[in-house]
Amino acid sequence: MRHTLATGLCGTLVAGALVTAGGILAVPASAAGSGVVYVSPTGKSGNPGTQSKPVKTLADVRSVLASRQNPPTVTVLFKGGTYKLPQYRWKNWTARSVTFKPQPGTGAPVFDGAKRQEYWLVVDPTRTKLTFSGLRLTRYTKGGIMLRGTGTADSRRVIGATIKSMRFTNIGGAHSGYAAVHLNYARNTTITGNIFRNLVNEGCPGCMHAVYFADQSNNNTVSGGTYSKVSGDAIRAADYSNGNKVRGGSYSRTGTKAVFSAWRLRRDTRCSHGNVFYTTARHSTSYRGGTIPTVLDGADDSTTPCTPRAVVRKNP
């Protein structure tokens, strides 16, 4: 699966200042070296990213950090309001950790894909520890956040991300979609306390998931959260994704096959293993109102489901 993704321009450092299309980005001495960047729906490219002069996009954030000599620890604070921005591709950021969260006291930041953008953010392989907290993503056609590793070597994975207290709503396109949180070759991701609501594909019911472990995404954890009106199985593992754990959560009108399904695709030569749903529930209500099991091993037509089972239920 390949997508054409929008990227931001970083500018060029000249004598310690960042040259952008609009000229020299002036950075106050108090902000130099700081890892805190302020973003606002009314911010402007070329601003220094301070609270009084915020920027508007993640491309702007990257330019600001470059002007500050790329501090190792970064916090991006989004002012409350609605953002309608192009899809962004996270690539080659050098910080050890980056946290994205609301600016306190300003309300909820809402990122609106307007049913035109595929994802809010696509993350290429990185060792940066990413944390997403308290943001709201809505009206994207294929998903909200995609951690898109490219292989099993650590240098080709997305490792150690945290996605917590987020709200994903009204995501899905007319014909295809993946998941609000879509993992490819991702490892040790923590997904906790999120809200997933109205994740639906109009022309392909059953394709849209809340969380999708794909392409050998291993040892990720999902805990708690609310899942309602999800046309596909709330959580799915495929492509030899192993050791993923799900604990608890509230599920209402989600799934076509199960709450947590492990699926064997036609191309798979190996079966996933070690995926566990810790719950006392054995059944749940499907997207269309029927009864489905909490866990299920399935397979594409003409493909044999995995034996022993790729996903199992265990009491907490």
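The legends below describe close-up views of a predicted model.

Residues are numbered from 1 along each chain as its sequence is written. In this predicted model, local features need pLDDT of at least 70 and side-chain atom pairs count only at pLDDT 80 or more, whereas totals for chains, interfaces and linings use all residues; side-chain values use heavy atoms, with hydrogens and water left out.

**Figure 1. Overview of the protein and of the model confidence.**
The protein contains one helix and 32 strands; helices (H or I, at least four residues) and strands (E, at least two) are DSSP runs, numbered from the N terminus. Of its 316 residues, 53% count as buried, a term that means under 20% relative accessible area, with exposed over 50% and partly exposed in between (1.4 Å probe, protein chains only). Among contacts (heavy atoms within 4.5 Å) with a separation of 6 or more, 76% link residues 24 or more positions apart. The mean pLDDT (the predictor's confidence in each residue, from 0 to 100) is 89, and 89% of the residues reach 70 or more. Over residues 1–27 the pLDDT is below 50, and this stretch has 55 contacts in the model beyond near neighbours in sequence.

**Figure 2. The open sheet of seven strands.**
The strand order is β6-β9-β12-β16-β20-β23-β26, with parallel pairing; two strands pair if DSSP finds at least two bridges between them. Strands β6 (81–83) and β26 (250–254) form the edges, each pairing on one side only. Neighbouring strands of this sheet are turned by 10° against each other on average, direction ignored; axes are lines fitted to C-alpha atoms, for helices over the stretch in contact, and angles run from 0 to 180 degrees between N-to-C directions.

Strands β16 (residues 167–171) and β20 (residues 195–199) run parallel and are joined by four bridges, with Ile171 opposite Leu199 in β20. Strand β20 in turn pairs with β23 in the parallel sense over four bridges, and Ile195 has Thr226 in β23 as its bridge partner. Four bridges also link β23 (residues 226–230) to β26 in the parallel sense, where Tyr227 stands opposite Tyr251 of β26.

**Figure 3. The largest nonpolar core around Phe100.**
A nonpolar core is a set of buried Ala, Val, Leu, Ile, Met, Phe, Trp, Tyr and Cys residues joined through side-chain atoms within 4.5 Å. The largest has 63 residues, of which Phe100, Trp120, Phe168 and Ile235 touch the most other members. Helix α1 (residues 58–67) gives the most to this core, with five residues. Not counting residues up to four places away in sequence, Phe100 touches Leu58, Val76, Phe78, Trp90, Leu130, Thr131, Phe132, Ser133 and Leu135.

**Figure 4. The disulfide between Cys271 and Cys306.**
The sulfur atoms of Cys271 and Cys306 are 2.3 Å apart and form a disulfide, defined as a pair of cysteine sulfur atoms within 2.5 Å; by this rule the count comes to one disulfide. The torsion about the S-S bond is about -95°, so the disulfide is left-handed. Cys271 lies in the loop between β27 (260–264) and β28 (275–278) and Cys306 in the loop between β31 (295–299) and β32 (311–314), so the pair ties together parts that are 35 residues apart in sequence. Cys271 counts as partly exposed, at 22% relative accessibility, whereas Cys306 is buried, with a relative accessible area of 8%.

**Figure 5. The surroundings of Gly151.**
Gly151 is found in the loop between β13 (143–148) and β14 (158–159) and counts as buried, at 5% relative accessibility. Leaving aside neighbours within four places in sequence, Gly151 is in contact with Arg156, Arg157 and Tyr185.
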